[in-house]
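Welcome! Let us walk through this structure together, one chain at a time.

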Amino acid sequence: MEIFLIVLAVIVLASLQYQVDLKVLHDDYERWKRNRK
Amino acid sequence: MSSFVPRRTSKLTILFRLSIVPIGVTLFWSFMLSLGGNGEVVRAVLIGGLGTTAAVLGFLWFFTNAMTFLTMPKVWWLMRKGGADPWFSSLPPPFNNAPPHVRYQELFEEKLRQENAWLLRPLVPLPPQNDPKDATRGIDDPHII
């Protein structure tokens, strides 16, 4: 039971971190698009 | 006036920065234990330390590439064609100093191309152009009758 909860927590935290990384990458892209040339 | 153009950090540089600490620790301990005069211990420490370093880095590289290929194959191919690598590009600044628009330049350019293609899409269907069949369409076409 505990192991299941730990694995679940790792998956949830990893997916949240993935969303954050995607948002940061998208913000980097928008900044690059505004500033290029 | 600055002519500094940020470039990709080379994979060899990143690999050196990643492995210098574990290699240094391994060499330090193999030297310390070699003072005891037991060659087998030194060999075990060297093989264990260097092998673990290579195994951990290889594991991370392989599974990052595998997961990228399985979940986002087009991204994987784009990065491969541009000479990038999903794992090396994703490492944080002490190892990879390149800014995001340099690390992910293929992805950014492809995204910009797709956005422009969407913004410049034809809003009405284009008329057929220079097709010889258009001149006689509906006249000799047996399927109409």
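Chain A contains 1 helix and 0 strands; helices are DSSP runs of H or I with at least four residues, strands are runs of E with at least two, and both are numbered from the N terminus. Please keep in mind that this is a predicted model, where local features need pLDDT of at least 70, side-chain atom pairs count only at pLDDT 80 or more, and totals for chains, interfaces and linings use all residues. Residues are numbered from 1 along each chain as its sequence is written, while chains are lettered from A and ligands numbered from 1 in the order in which they are written.

The C-alpha trace of chain A spans about 55 × 5 × 5 Å along its principal axes.

Now to the meeting of the chains. Here 6 residues of chain B are in contact with 5 residues of chain A (contact means that the C-beta atoms, placed from the backbone, lie within 7 Å). On the chain B side, α5 (100-103) and α6 (105-119) are the elements that give two or more residues. The largest share, 3 residues, comes from α6(B).

Helix α6(B) also has a partner within its own chain. Its axis and that of α3 (residues 73-81) of chain B come within 8 Å and cross at roughly 120 degrees. The crossing of α3(B) past α6(B) is right-handed, meaning that the near helix is turned clockwise from the far one by less than a right angle. From α3(B), the contact uses B:V75, B:L78, B:M79 and B:K81, and from α6(B), B:E106, B:L107 and B:E110.

Notes
Contact = placed C-beta atoms within 7 Å. Axes fitted to C-alpha atoms, helices over the stretch in contact; angles between N-to-C directions.
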